[in-house]
Amino acid sequence: MRNELTDHIRAAAQKGELADGSPCRVIGTPEVERIAHEMRTGGRRVESAALKDNILPDRYLRNLKTFSIADQIALLESYVCVIGLGGLGGLVAETLARMGVGRLCLVDGDTFEFHNLNRQLLSLRETIDTSKADQAAHRVRQINTGIDVRSDATFLTTDNSDALLEQCDLVVDCLDNIPSRFILQTAARKTGIPMVSAAIAGLSGHITTIFPEDNGLENIYGSPDEMENTKGAETHLGCLATIVNLMASLECNEAVKVLTGKGGILKNKLLVVDLSDYTFETLHLT
């Protein structure tokens, strides 16, 4: 089937060029969808096969040359879980889909409320009272039909956390409370995968990447058994769209760097951002 798929891709490929004018061979998104339908396979498999033959799916032309072809293949073959699909999570799910992460697991047991409208991308007048997980999956499929999407309209618990992360390569923490973050960190450690974690309050936020061997959240919040405030500063300061958008972008950037092995990640570091005075400070966690 591999040779047959490659033959179909080569037959559909056309001459194209990158943003800098460099010549390349390109396959259009409609052709990817047609071949996937005819071959009874997924679009991401068609795109991955095309890239391995140096044929560029047109939806990723502007990712290159910042990404290499190998980077784009790595993203297409990655499986990322996004936990929490509100302000951070809705933006993270959309951005990862646009960048070409091939498999997404989208998890949130909540529904949209009117107070979400100030910052949550997927929160619209017509989506009030609907499932955040279902809306996120629908949005991702509208953006990229080739992506494999699994949605789970459930809240993260100690009982389901391991199963949610099964076979994933990375998890993105977009939760709104500290106890749930510790549950997620425990599951990520058991599964042996990195966790990109961010939190926001008012006009400030912080982000870190935690690997299974790291101390992680304990270095930020202390022991979970000794915490008095489990909701964080968001309860007192609210959360504005500007910081939500920025921190979601930083989470996606960090996730992509981990998945492609680009280096320079926030392992054992905490990037703290305050938009009230445009302060960006990186703290070393020990």
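Reader: How are H2 and H3 oriented to each other: roughly parallel, roughly antiparallel, roughly perpendicular or oblique?

Author: This is a predicted model, where local features need pLDDT of at least 70, side-chain atom pairs count only at pLDDT 80 or more, and totals for chains, interfaces and linings use all residues. Residues are numbered from 1 along each chain as its sequence is written, and side-chain values use heavy atoms, with hydrogens and water left out. The axes of helix H2 (residues 29-39) and H3 come within 8 Å and cross at roughly 115 degrees; axes are lines fitted to C-alpha atoms, for helices over the stretch in contact, with angles from 0 to 180 degrees between N-to-C directions. Under 35 degrees counts as roughly parallel, over 145 as roughly antiparallel, 65 to 115 as roughly perpendicular and the rest as oblique, so H2 and H3 are roughly perpendicular.

Reader: Which residues of H3 does H2 meet?

Author: Helices here are DSSP runs (H or I, at least four residues), as are strands (E, at least two), numbered from the N terminus. Contact means heavy atoms within 4.5 Å. From the H2 side come Val 32, Ile 35 and Ala 36, and they meet Gly 43, Val 46 and Glu 47 in H3.

Reader: And H4, how does H3 run against that one?

Author: The axes of H3 and helix H4 (residues 69-76) come within 10 Å and cross at roughly 160 degrees. That makes the pair roughly antiparallel.

Reader: How many of the 10 residues of H3 are buried?

Author: Buried means under 20% relative accessible area, exposed over 50%, and partly exposed in between (1.4 Å probe, protein chains only). Among the buried ones are Arg 44, Glu 47 and Leu 51. H3 (residues 43-52) is largely enclosed by the rest of the structure, because the buried count is 8 of the 10.

Reader: Moving past H4, which backbone oxygen does the side chain of Ser 78 sit by?

Author: Ser 78 is in the loop between H4 and strand E4 (79-83), and it's buried at 6% relative accessibility. A polar contact is a pair of N or O atoms within 3.5 Å; within protein, one must be able to donate a hydrogen and the other to accept it, and residues adjacent in sequence count only if both atoms are side-chain atoms. A polar atom of the Ser 78 side chain lies 2.6 Å from the backbone oxygen of Ala 74.

Reader: Which backbone oxygen does the side chain of Thr 208 reach at 2.6 Å?

Author: Thr 208 lies in strand E9 (residues 204-210) and is buried, with a relative accessible area of 1%. A polar atom of its side chain lies 3.3 Å from the backbone oxygen of Leu 266. At 2.6 Å, the Thr 208 side chain reaches the backbone oxygen of Lys 269.

Reader: What does the side chain of Asp 108 reach at 2.8 Å?

Author: Asp 108 lies in the loop between strand E5 (103-107) and helix H6 (132-143), and counts as buried at 9% relative accessibility. At 2.8 Å, its side chain reaches the backbone nitrogen of Asp 110.
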